[in-house]
Each structure stands twice: as C-alpha cells, then as structure tokens.
Amino acid sequence: GGGSGAAATVCSPGSTTVSTGARTSSGCLAREGYRLVRSLNGGLDSYRPCAPGSFKGQVDDAEDCLGICPNGTRSLPGATSMQDCFCINEAVDLDPTAEVFNCSSAETLYSVFATEGDVFTDTAVHVYTINATLRFAQPASELSVEEVGKNMARYLNLGSNGRILWGQVIGEDGVDQTDFEFRVVCAKEDYANEFHSLMESRLVTSWALQELKSEGAEMPQLGNVTREELRCPASLGFNIEDVKSGRISATEDDCMCGPGTQRDDAGRGCLPCDQGEWKRSTDDVVCTECAMSNVLGLRLTTLSAGAVSSDACTCPAGHYAPNYL
C-alpha cells in the first residue's frame, strides 16, 4: 500500500473542530465554554475559558460568552450552559428544577428544615463514560498502576475535565501480557469524544513507547462514548460545585448529605440534623451545634430537626432574646 498521509494538526487548547477530517488549524474553532482571543501582533490566536458567571454552548469563533448566570448565581470558568450556574454566598437552591433557581440566603433559611427524605441539592447528573482495556506486552511485576495512570492522564490532557477510574489489573507472573481495565469519566460530551479519539490503539502504542518505554502496548477493547445518568441513593445528593466543575467519579462515593442532614449511624444514608444543630453545606461533615448565648448562659436551639442555617438557632423554651443578644 501507499505511504501514510500528512499528520493531522492538533487544535490549540480550548478549541476543536465541528467535524472529523480537518487537517489545518483553520478548521479549529472555540469549543463550548471557550471564547476566541485574537492576537494583536500578528501571532497565533488563543482560546480562553468563559469568565465565571458566563457561559457559551456553541462551537464557533465568538469572542464573547453571551450567556449570563441569573442574579445570585455564578458559574466556574468554562461553563457551557445555564445548568452550570449555582447559588453563591452559601445560599441554598430550594428549587430542584434544572435552570430554575430559588437561591435562599442564610437570613431567609431560619424557617427551612429538612425532613427525612429532603435533599436540597442535585440528586442526579449526566456523565459521559468510556470503558477500555490497555494491554502491555510485559508482566505485571514490571508495571505500576500509579505510573501508568499518571502518564495516561497527562497524555489525554484530562486536567479538570475528566477522571480515570482504574479497575482490575489482569496478569500472571512470568507472562508477558498485562491488561489494565479502566474507565474515563467526564461531564462534557465533546471532551469525551476528544479523549476517545486519542485512545485509538495506534496512538496508544506510540504514546506507551515514548512515555513509558514500553513496546507493543495496545488498546484491545475501546468502548463507545456512553451517556449515563448517575443518581444518588435516597436522601443523598451531589456537592453542586463538584458537579459543575466535573470533579465527580461516577460512583456513589460522590453522593453526600445535603443541607440540614448528616450521615446515619450506618453511614449509608442521611438523617436530619438533631434539634439544636444545623448544616448548610453538601458534604459528609457532621451537623454543627447552635452557639451558646453569652447573655443567657444557655445553648441556643432550633424549633425543629433539620435546620439548614445558623439563623434557625433561637432561645430555648421559657427564654427570650433581648435586643442586645
């Protein structure tokens, strides 16, 4: 057969093509969540993430991200849609509907209490996954999962846009073949497609030879990009900033207790904070006791279990708060 064609040009960071087959950088456009920054001195144009609080959902050469998060919300750099916006200043979004916000500040949360089953945070997200097997023509004793993982993440240029979850390492002593099963997870489809293209066996063979000095590496199993819904078990939810930034691993380990709740004794679900305690964040820390009143010499309490704000703390029965409390 004839020789191979010219090598394809890799787009600059923050850009991509709208179709396969592009051979020059002129086919590269600002990807979703990025904007074009034109060079003023005749040099190469560059691409920058949308600023916090703005978003862009198209692949084009727009120089501005025209989508703006609603008042009381913002997004992280590189946002692609309204769904990337979230409440700020520790406000809690009491409306679970996507792209609808009811951001309630601490001052208004004194009357909000989480009952058993309430989750004031996202309970399901969509992620894009790729299941694959990386094979080396050498025994497992000569390979380090940590080293392979670190180099693979660098090769794919995952950054904060995706994660690798390593599964089984299959190999026998004295046998020159070791299989690493792994899964790539990311929150954006275009990033998943880009990672998938870099995982073609011939490219992986070249990467392994250059970076790991390993000959004969291949990718015998490479699944398609798959869209999956990751849903937390009852009473659990996701930390909203982890969801929006892509810091999720597509396992139930990312599911945590929302505002007004903490882990039950078995560590499998969440229960409302006890009366006299509160919790505003989505994480696995325990609820915080209401403060002591220096004037009364008593610890404050709440009107009910499941308080989501310290503003719910009030005087215990039989006491009142003078203006200077």
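**A helix pair in its chain**

Reply: Start with the surface. The accessible surface of the chain is about 17700 Å², and carbon and sulfur atoms hold 47% of that. The model is a predicted one. The chain has 325 residues, and 39% of them count as buried. Its secondary structure consists of 4 helices and 21 strands. Now the contacts. Among those in the chain with a separation of 6 or more, 55% join residues 24 or more positions apart.

Next, the helix pair. Helix 1 covers residues 145-156 and helix 3 covers residues 201-211. Their axes come within 11 Å and cross at roughly 120 degrees. The crossing of the two is right-handed.

Which residues meet there? Helix 1 brings Val148, Asn151, Met152 and Tyr155. Helix 3 brings Leu203, Val204, Trp207 and Glu211. By class, this contact has 6 nonpolar residues, 1 polar and 1 charged. Asn151 is the polar one. Glu211 is the charged one.

Helix 2 deserves a look too. It spans residues 189-198 and includes histidine 196. This histidine 196 counts as partly exposed because its relative accessibility is 21%, while buried means under 20%. Leaving out residues up to four places away in sequence, histidine 196 touches Ile130, Leu222, Gly223, Asn224 and Val225. Glycine 223 sits 27 residues from histidine 196 along the chain, yet their C-alpha atoms are separated by 8.7 Å.

Note on methods. Residues are numbered from 1 along each chain as its sequence is written. This is a predicted model: local features need pLDDT of at least 70, side-chain atom pairs count only at pLDDT 80 or more; totals for chains, interfaces and linings use all residues. Side-chain values use heavy atoms; hydrogens and water are left out. Axes are lines fitted to C-alpha atoms, for helices over the stretch in contact, and angles run from 0 to 180 degrees between N-to-C directions. A crossing is left-handed if the near helix is turned anticlockwise from the far one by less than a right angle, and right-handed if clockwise. Contact means heavy atoms within 4.5 Å. Buried means under 20% relative accessible area, exposed over 50%, partly exposed in between (1.4 Å probe, protein chains only). Accessible areas come from the Shrake-Rupley method with a 1.4 Å probe; for residues, only the protein chains shown count as cover.
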